[in-house]
Amino acid sequence: MSAQANTVEDRMNGLECPTVPSPEQWAWLQTFQLDDEAQEAALRGGTQYVAVKAHVVGKDDKSGYYRHAHLLESICRLNAQFAATGLYFYLDLPIAYHNNALWWDQSFSDGFGMIIANNVPNALNVYYVGSIENGGIAGYYSPGADGVVMYNSAASPGSNTLAHEFGHFFSLPHTFYGWEGGDPPPISQQERVDGSNCNTAADGFCDTPPDYAYYRWSCPAAGPFTDPAGTSFEVVDSFFMSYGGNGCRDRFSPQQSAAMRANLNGPHAAVEGFIEPFFPAGYDSSRLLKPLDGSVLVPPIGQRFAWTSVQDAVGYHVTVSYTSLFSAVAEEAIVQDTFWTALRLPEDRKLHWKVKPIFEGNTCEPYSGAFSFTTGLIAPPPTGLEEQVLAAVQVFPNPATAGSALRLDAPLHGIWTATWTDALGRQVLVQEQQLDGASASRWKSPLLPAWYVVQWRSPSGESFRQPVLLR
Ligand SMILES: [Zn+2]
């Protein structure tokens with residue numbers, strides 16, 4: 001394999017998850033594993049729902065967030081990975097955002113404080129951060145603080161790390177339990193191929209065969225290893241709780257599934273949620289309203305994005321990207337309204353945006369079509385006008401017909417000048433009028449259909465701007 005073939009995913013496979021059960025969790029699991037009736041009971045019953053509270057951690061300047069498209073896609077994939085267990089995960093909206101440099105690039109002790117400070121009750125809390133212990137850790141579950149932490153770069157939707165960490169949350173040890181760190185455990189704790197000590201050695205599950213591979217291994221196998229009886233074996237069964245490569249880890253064993261369900265009905269009963277997942281057979285996706293396709297001079301700060309609502313949607317993912325494939329995100333959000341205000345778009349850039357409805361329990365739906373637009377420069381803040389006056393300013397209609405009169409409703413007094421500037425920065429029309437503070441005023445517009453920015457100014461230096469589209 002050439003060096004170029006080493007994808008990010010390959011390198012992520014080298015990262016570790018240091019989670020081991022707490023003494024309390026371990027004691028609960030061992031009691032469960034020796035109770036055949038409890039194991040059978042745990043596998044009965046239908047689907048059980050788990051509320052997931054996603055915490056997206058950014059740096060102090062609100063950069064470095066986990067990509068929301070990845071969050072939605074990974075929850076969708078998680079439900080496929082857990083399908084055989086009867087557990088179903090759904091996002092408990094809204095997303096929680098935290099901007100804290102210490103949590104974004106965190107040590108375990110920073111992470112412990114972060115979880116304690118921010119966990120919400122009645123949900124499985126998962127935190128997405130920029131780095132854990134200098135980038136060496138893919139993710140972990142903290143039994144003490146009861147939260148999962150994910151390293152953004154190891155949390156791509158193609159990764160199995162989230163399934164692995166949620167396994168830990170619901171009490172599962174690694175299949176190579178006891179070998180973490182690489183030192184062999186005592187002979188009695190080394191699981192034998194013949195199954196004679198499967199209940200008391202390693203992870204205590206008799207349907208997960210011996211696994212001594214404490215390092216990241218690639219498909220199809222790790223080994224060979226030799227058990228205390230001298231029997232040679234390879235690790236071939238690719239459980240999510242092993243350190244096998246992403247390409248082959250694909251299941252939980254029936255006993256692991258039973259333990260997770262019992263944990264949800266026992267120590268972690270608080271995270272069970274009650275929803276009715278909604279998978280519409282067909283629907284009209286959101287139609288994008290504002291900014292219009294091809295808009296120019298869109299304000300980088302304060303532009304309101306709007307789209308049509310979709311029946312039964314509980315939220316929307318709105319994303320603005322540098323590229324038409326949406327591979328590099330400029331700004332995004334998951335909101336419960338049909339509008340959102342961008343606050344951090346770059347100046348003078350062509351950008352693309354689209355929206356995806358989110359239904360109850362369902363993050364698998366496709367996106368709307370995309371619009372593109374170009375931002376202008378960051379406008380100087382309005383000067384001399386109080387906020388309530390500015391909020392009362394209205395321009396009708398917008399878009400307007402080129403050459404027609406534009407109406408300005410604004411509580412302004414004195415002589416005001418309107419200056420129309422086109423996308424190339426040319427002043428194409430200047431008009432002066434006396435305003436009386438009450439009635440609407442009418443203003444001429446240029447004859448050429450295009451995007452303009454109109455700036456109104458008073459002689460005393462008060463001013464405000466408004467983008468206007470003439471068609
Ligand atoms: Zn682990």
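Glu331 is buried in this predicted model, with a relative accessible area of 5% (buried means under 20%, exposed over 50% and partly exposed in between, with a 1.4 Å probe and protein chains only). Local features require pLDDT of at least 70 and side-chain atom pairs pLDDT 80 or more, whereas totals for chains, interfaces and linings use all residues. Residues are numbered from 1 along each chain as its sequence is written, and side-chain values use heavy atoms, with hydrogens and water left out.

The side chain of Glu331 forms a salt bridge with Arg344, at 4.0 Å from N to O (a side-chain nitrogen of Lys or Arg within 4 Å of a carboxyl oxygen of Asp or Glu). Arg344 is partly exposed, at 34% relative accessibility. In total, three salt bridges are counted. Another joins Asp237 to Arg251 at 2.6 Å, N to O; Asp237 is partly exposed at 25% relative accessibility, as is Arg251 at 30%. Asp409 and Arg407 are also paired, their closest N and O atoms being 2.8 Å apart.

The zinc ion is coordinated at 2.0 to 2.2 Å by Cys17 (SG), His164 (NE2), His168 (NE2) and His174 (NE2) (donors are N, O and S atoms within 2.8 Å of the metal, or 3.2 Å for Na, K and Ca; water is not among the atoms, so sites may look incomplete). The arrangement is tetrahedral because the four donor atoms subtend angles of 98 to 134° around the zinc ion (for four donors, all angles must lie between 85 and 135 degrees). The donor residues follow the spacing C-x146-H-x3-H-x5-H in sequence. Both Cys17 and His164 are buried.

How values were computed. Four donors count as tetrahedral if all angles lie between 85 and 135 degrees; four count as square planar and six as octahedral if opposite donors are over 155 degrees apart and all others between 65 and 115; anything else is irregular.
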